[in-house]
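User: I am new to this structure. Please take a close look at the place where the two chains meet, and then follow the parts around it.

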Amino acid sequence: MNFDFQHCIRCTVCLENCPVFRVNPDFPGPKQSGPDSQRFRFDGETSVDQWIVLCSQCKRCEVACPYGANPADIILREQLDYGRKHCRSLVNRLFSNVYLLGKLISLIAPIVNKLISIKFIRRIMIFSGISDYLVLPKYRFHTIKRSWPWKGSRKSKRRVVFFYGCYLNYNRPDIGRKIRDLFSSMGFRVVLPRQVCCGLPALGNGDSATARRMAKRNASILVKYIDKGYDVVYSCTSCGLMMTKGYQGILEIESGKKIAENTYNIHEYLLKLIDEGFLDLEFKAVEAKIAYHIPCHLRALGIGYPAVMLFKHIPGLEINVLDDSCCGLAGTYGFRKKNQETSYKLGVIASKALKETGADFIMADCGACRLQLSQLSGMPARDPAEILFDSLKSTMNL
Amino acid sequence: MNGTYDAVVIGGGMSGLTAAITLCNAGKTVSVISKGDPVCCLSTGCIDVLNGTERPLKGISELPFGHPYGFVAEDLIIEAHEHFLKIVAEGKIPYTGSIHENRQIITPLGTKKTTCLVPKTMEYSEYDGGDYVHVISFKGLKDFYPTYIMMRLENTGCSVFDAGISSTIGIAEQFEDEHFRQTFADWILRQNIPDGKITLPAVLGIRSSLSIYDDLSRRTGRIFFEIPTLPPSLPGIRLFNCLKNALIARGGQLYWGSEIASVEKLGTIIEGVTLKNPGRVARVQGKAFILATGSFISGGLFAGMDTVHETVLDLPVYYPENRKFWFKEDFFSRGHEIEKAGVEVDASFRPMADVAFKNLFLCGSIIARSEVMKYGCGHGLAIATGYAAARSCEGFIK
């Protein structure tokens, strides 16, 4: 039993930060569905829990809570409990296994990409509970996994495991390759070992067993490398949050602490190496005005906004940092028909703020955020690693 | 992550953010570490400089010896508030009022509250007796009862609007939408409200309150004013977001949702702090540190059975020695002795000599004898001491 809820003084700071609560009257907010209801769950009393699934697990309440009540964590545990007690819908089952789905689809990517655009197929998808306001991302056959699994010299002092995550692997392998090439040209040995989904989508869809299975699989692979002196680097902030907080927290993976200690956000890692004097990068100017949407899970990581710090080195960049809005998609949350309205409304709010900056394009660390925001705002969206690549490519012979 | 800054501010409330922004303006690199969102978010958003008097500055000069206002020269207090007015005007939530004169606003209970600077949306809240005031509430909205106001004011009326959502935050989000505003304005015009002012709970938007307020006045041709509500309080959120975004825009780095795990000291100098992170120790180093963790409610001070201690650095705390004298008999009477608890500082806002951290500065209600509730000086003191401590810190860094 988690006793965090006893720290709650009911100050409503979590409510002020909850994106779902703002636009969905059915969700009573993190205070009521978290700490308040936990008091009833404690004695085996049944609390009214059907709205528990409306939480998108953006963790904004957790970051905001000054008393350590961790509303998001309480809700997540309850969501998993709900998932165990209730029959999970088809769409939940599908999305828990986004990884396997991606694996399958990528094999026949060109066909699936065509199929998705056919109206009849779309209708079947909507019928099975998938939302229809977004154009689904295109899948790629040439995934990162199928490309070169390592690069750089064996003798390199810095050895890095790149945890690329499902989105980069199946949908944007080009970004993954850029990151791999950046690292190798900095003199690292990069390996891209066999890895499965981090487990976050499974948790978000109420399937703790699948999540734990995936986490264990990843942990066994990553620990082997960490023991050999590798650092783990991720670019997807949600994968990162899962590996650093989720594995040792809710999933109770044995080696979770070890993984958390050796896992870095890509920009955080580069900053660290610059600080340590290991790297001396020559940044070339990138003339652009950027609206930087801070993904909720980057805030939750508690590492500050490392890309902002790193990009101060790049001349010519003008960055507007926006961290007040959640994009609303929250991974697979917005792809579920039931959450479509909430996600859409939140996406419109966030993209309006981004458009008002008058920037050339949106930058966000999270693939899901980019997908949602670029489609709803009509602006192009890029990963910070791409900007980094642009700035460094001429000096590093990329 | 091994960030090194000119100044590290611990605490992201009014005083901490004011200090951080002031230092950024002086060209220093600044980071703010905060455990969560501050009490500012729960406040009315009004700036109480010193209540219980008509002329706050005169009142300040008559405060008992040892009150932290006494460490700030009158010119500096005025300068600090002008600085504040400039920041909020830039952030598009301009404030009205002058530090030379207090004003009275109507509370949700229909009583009058003394304060000094108010957001423009509350500009017309001064009740000059006899004039007609029309109260608008929203269907299902808890914590705002027009009856209380109508009982205490003479010439009033009331109507209720159905916004389709019953939380202040939800309604505020609706007001961000132009169509909703049009519907609301049309509804107001249909109510045949007699000449006079129209008041409503503080729900006029989260991000763009000023343009919403102007838009409503334009569409209806009426004078509106907001009444601050119980938390979640929109004017408080707007104020906090404005200050936070002002800091981000000036290049300040945020470590939000991060607790301090340990402090690295070397003799009389604080070298850095480490943050409680799930895995690796995260270090933030600085040339100077500003402690703005607030009093009991913000967690800066912690009271045991007979002792009070300071939670981050374990600085010696002044407090009335015998618990018998901590509280007055009547809970609601002003001036409980325990309010005097805090860290004693010298005129440069460093802790008193026998502690002697040379690079530590304090601001806000953590300073001993501030008695914020008794004097009604919360935000005003935060602004004045935050500004002054930053000035003192700036002199030290140079």
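Analyst: What follows starts with the interface and then moves into each chain.

This is a predicted model, in which local features need pLDDT of at least 70, side-chain atom pairs count only at pLDDT 80 or more, and totals for chains, interfaces and linings use all residues. Residues are numbered from 1 along each chain as its sequence is written, chains are lettered from A and ligands numbered from 1 in the order in which they are written, and side-chain values use heavy atoms, with hydrogens and water left out.

At the interface, 39 residues of chain B are in contact with 42 residues of chain A, where contact means heavy atoms within 4.5 Å. Between them the two chains bury about 3,200 Å², and 52% of that area is on carbon and sulfur atoms. Buried area here is the accessible area (1.4 Å probe) that two parts lose on being put together, summed over both.

The rule finds three salt bridges between chain B and chain A, a salt bridge being a side-chain nitrogen of Lys or Arg within 4 Å of a carboxyl oxygen of Asp or Glu. A salt bridge joins A:Asp323 to B:Lys244, with 3.0 Å from N to O.

Four elements of chain B each supply at least two residues of the side that touches chain A: strand E1 (3-10), helix H5 (168-175), helix H8 (234-249) and strand E11 (253-256). Helices (H or I, at least four residues) and strands (E, at least two) are DSSP runs, numbered from the N terminus. H8(B) gives the largest share of that side, five residues. By type, the residues of chain B that touch chain A divide into 17 nonpolar, 15 polar and seven charged. In this division Ala, Val, Leu, Ile, Met, Phe, Trp, Tyr, Cys and Pro count as nonpolar, Asp, Glu, Lys and Arg as charged, and the others, Gly among them, as polar.

Seven of its eight residues are buried, so E1(B) is largely enclosed by the rest of the structure. Buried means under 20% relative accessible area, exposed over 50%, and partly exposed in between (1.4 Å probe, protein chains only). E1(B) pairs in the parallel sense with strand E14 (residues 282-291) of chain B over seven bridges, and B:Gly3 has B:Val284 as its bridge partner in E14(B). E1(B) also pairs in the parallel sense with strand E2 (residues 30-34) of chain B, over four bridges; there the bridge partner of B:Ala7 is B:Val30. Two strands count as paired if DSSP finds at least two bridges between them.

B:Ile47 is buried, at a relative accessible area of 0%. Leaving aside neighbours within four places in sequence, its contacts include B:Met14, B:Phe84, B:Thr115, B:Leu239 and B:Ile383. B:Ile47 and B:Thr115 are 68 residues apart in sequence, while their C-alpha atoms are 6.3 Å apart.

Elsewhere in chain B, B:Arg391 forms a salt bridge with B:Glu79, with 3.0 Å between the closest N and O atoms. This pair links distant parts of the chain, helix H10 (residues 378-397) and helix H3 (residues 74-90), 312 residues apart. B:Arg391 is partly exposed at 35%, and B:Glu79 is partly exposed at 32%.

In chain A, four strands form an open sheet with parallel pairing, in the order E7-E6-E8-E9. Strand E7 (317-322) and strand E9 (381-382) are the edge strands, each pairing on one side only. Strand E6 (residues 288-293) and strand E8 (residues 361-363) of chain A pair over three bridges, and A:Ile290 stands opposite A:Phe361.

Chain A has salt bridges of its own. A:Asp181 and A:Lys151 form one, the closest N and O atoms being 2.7 Å apart. A:Asp181 is in helix H11 (residues 173-185) and A:Lys151 in strand E1 (residues 150-151) of chain A, so the pair ties together parts 30 residues apart in sequence. Over all chains, the rule counts 49 salt bridges.
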